[in-house]
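Reader: I have some questions about the terms used for this model. Please set each value against its definition.

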Amino acid sequence: MLSIESNIQFIKGVGEKKARLFNSLGIFDVDSLIHFYPRKYEDWSDTKKIRLAQNGETVCIRATMITPVKEHQVRRGMTLYKCKFSDGSDIVHVTVFNNKYLAQSLRVYEEYVLFGKIEKNLTVSSMSSPKIERAQTGATIHPIYPSTGKLTSNAISKVIKTALDSMDDIPETICTSIREEYGLIPLDKAIRNIHFPKNKMDIEVSKKRLIFEELLILQLGLMKLRGNKKSKSVVRIETDYSDAFENLLPFKLTGAQKRAISECISDIKGNYTMNRLIQGDVGSGKTAVAASVIYTVIKNGFQAALMAPTEILADQHFKSICSLFSKCGLNIRLLTGSVTVKEKREIKSLLIDGKIDFLIGTHAILQNDVEFKNLGLVVTDEQHRFGVKQRADLVNKGTGVHTLVMSATPIPRTLGLIIYGDLDISVIDELPPSRQKVRTDIVNSGYNSRIYKFIRDAVGRNEQCYIVCPTVDENENDIKSAKQFVQELSNGPFKGYNLGLLHGKMKAKEKEAVMQSFSEGYIQILVATTVIEVGVDVPNATIMVIENAERFGLSQLHQLRGRIGRGNKKSFCILVSDSKSESSVKRLAVMKRSSNGFEIADEDLKARGPGDFFGERQHGLPQLKIADMVEDIETLHLTRDCAQKILKKDFTLDLPENRHLCEQITKMFRQIEY
């Protein structure tokens with residue numbers, strides 16, 4: 001008999017060679033095999049008469065084979081097998097391509113079920129390479145699995161059946177009382193039915209159970225992680241310097257900023273270490289909030305560190321924070337890969353001696369020889385760009401260090417329940433009064449000449465412009481690449497103007513030089529990729545043109561738009577798209593209608609799914625196999641409540657009824673990408 005832990009290659013009919021194909025799909029043992037769910041199903045239960053099928057329709061026909069198979073070799077490597085089937089009233093001509101095994105298995109006068117697309121003309125009905133099974137043995141609902149070229153869905157299905165037939169009952173993970181409360185079937189039944197359902201109801205109740213379990217395990221894991229992070233604080237502050245810091249600023253903080261600062265200080269004054277996320281829309285003033293908390297921590301005798309994912313963003317923070325702290329007399333230093341060896345040595349020496357109050361940098365801060373004398377607070381920006389281990393490494397450079405995370409990426413509140421489940425959250429939902437509202441227009445490329453005149457007029461008023469392209473190099477027809485476009489523009493409508501090029505493939509020094517030139521006003525028009533999504537802050541830039549706008553996610557477009565409207569001049573975002581797709585037109589209309597990042601993020605989640613926010617692999621998060629963040633939001637809330645009840649009664653999950661849940665949490669979180 002097989003167990004959950006059995007290696008995939010020991011299942012009958014697999015072996016070492018086929019096991020490697022399963023491994024490429026992330027399947028290594030029986031457990032990962034039975035949790036490799038179908039992506040869809042083909043329903044063969046609803047058969048149709050040939051005469052009632054519409055031309056081009058995918059149908060299931062129950063028919064008897066009435067002619068022997070005839071073999072036709074079209075060319076070398078291509079053989080056709082032809083035969084005819086009748087449903088008692090009409091005939092369908094069937095052609096099978098290069099499948100000798102199937103052709104030889106067919107028998108005249110036997111009844112079969114044919115599933116595929118039917119083609120009709122005035123006199124003949126035909127099917128090309130339909131799926132064919134004997135009527136008496138054919139299943140009514142067929143699972144379709146994600147597959148590779150050498151490992152078909154059917155082959156995967158057979159191996160799963162062999163495995164399940166060779167197993168005792170699958171160990172239950174959720175206790176009877178919870179199953180009864182939420183109307184869930186046993187796990188063994190759910191697993192067997194999700195793979196081999198007898199009807200649609202089997203699929204429905206199995207999915208309900210498996211989605212609930214997956215989200216419950218995720219919620220439990222994140223809540224335990226959050227609880228474990230609440231270590232006793234040794235970095236205690238005596239005095240709150242928030243008001244003193246605000247008095248140093250040349251502007252007034254908004255109510256939302258003050259609320260976020262107060263929540264952070266309350267955490268730091270408490271008995272446990274702070275683990276808080278500052279989440280706010282583009283331009284909402286998160287940096288000022290972080291700076292205030294940093295100021296209080298430093299004035300109480302501790303050091304602080306801020307880590308950003310790129311040199312561009314680290315440099316931007318360094319400049320803006322130095323400006324905010326200009327009257328404070330603090331020693332603030334920048335540590336990135338571009339810093340000279342001599343300067344790095346100096347920074348490391350001063351840091352361990354406690355002579356640097358605040359260190360800003362990139363991953364360079366994580367190096368083993370970067371040591372602090374008394375680190376009290378770490379701040380990470382755009383936290384989803386860092387792995388779990390990287391964030392932990394920075395916190396571990398001190399004892400009982402407080403953690404503050406900033407994110408300018410508006411996350412839908414539904415997704416935020418998952419992504420930031422281990423953090424307390426402060427939302428800055430108010431923009432500073434000085435923040436300009438950006439006018440957004442959607443046009444096609446036929447407006448280019450008018451757009452270029454609009455830009456020339458703005459440059460004539462000493463304003464600057466971004467032009468954003470979806471790619472660096474030319475790779476598709478009709479898709480603007482930054483390299484190609486900057487040449488066209490500099491030799492055409494903007495001949496004689498100072499154009500710059502900025503993209504992710506450039507070296508750090510090159511990027512820095514371009515940004516410096518744009519910031520100082522020498523570059524009038526900057527052609528760039530999404531590398532400017534974060535980090536570039538040029539108040540004099542009043543126009544942003546985004547080419548092939550349909551190629552970007554809404555949240556990304558919103559991030560890009562946030563680069564303008566930072567000064568006191570009216571700003572314009574022009575989305576250029578020739579797409580006639582109804583979904584593209586609808587999505588872009590959201591950008592014109594709304595400037596609320598959270599509303600836009602919700603729309604983006606509905607349209608594109610959670611992958612758009614962080615790419616298909618989300619740093620620091622387990623991957624979900626069956627649950628969907630949009631479709632299963634109601635279950636997400638139910639499992640959150642359920643997880644809280646379980647942990648309130650048994651936080652360590654030591655009770656017998658929770659033992660298997662604890663094992664599943666370990667398995668799920670072991671897969672996190674560091």
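Reader: What makes Cys 264 and Leu 377 contacts of Leu 404?
Author: Contact means heavy atoms within 4.5 Å. Not counting residues up to four places away in sequence, Leu 404 touches Cys 264, Leu 377 and others, among them Met 274, Arg 276 and Ala 290. This is a predicted model, where local features need pLDDT of at least 70, side-chain atom pairs count only at pLDDT 80 or more, and totals for chains, interfaces and linings use all residues. Residues are numbered from 1 along each chain as its sequence is written, and side-chain values use heavy atoms, with hydrogens and water left out.

Reader: Which residues have the most contacts inside the largest nonpolar core?
Author: They are Ile 294, Phe 325, Phe 358, Leu 377 and Leu 404, in a core of 41 residues. A nonpolar core is a set of buried Ala, Val, Leu, Ile, Met, Phe, Trp, Tyr and Cys residues joined through side-chain atoms within 4.5 Å. The helix α10 (286-299) is one of the elements that give two or more residues to this core, and α10 gives the most, with 9 residues. Helices are DSSP runs of H or I with at least four residues, strands runs of E with at least two, numbered from the N terminus.

Reader: Why is Val 531 called buried?
Author: Buried means under 20% relative accessible area, exposed over 50%, and partly exposed in between (1.4 Å probe, protein chains only). Val 531 has 18% relative accessibility, so Val 531 counts as buried.

Reader: Why is Asp 46 called exposed?
Author: Its relative accessible area is 59%, therefore Asp 46 is exposed. Asp 46 lies in the loop between β1 (40-43) and β2 (58-65).
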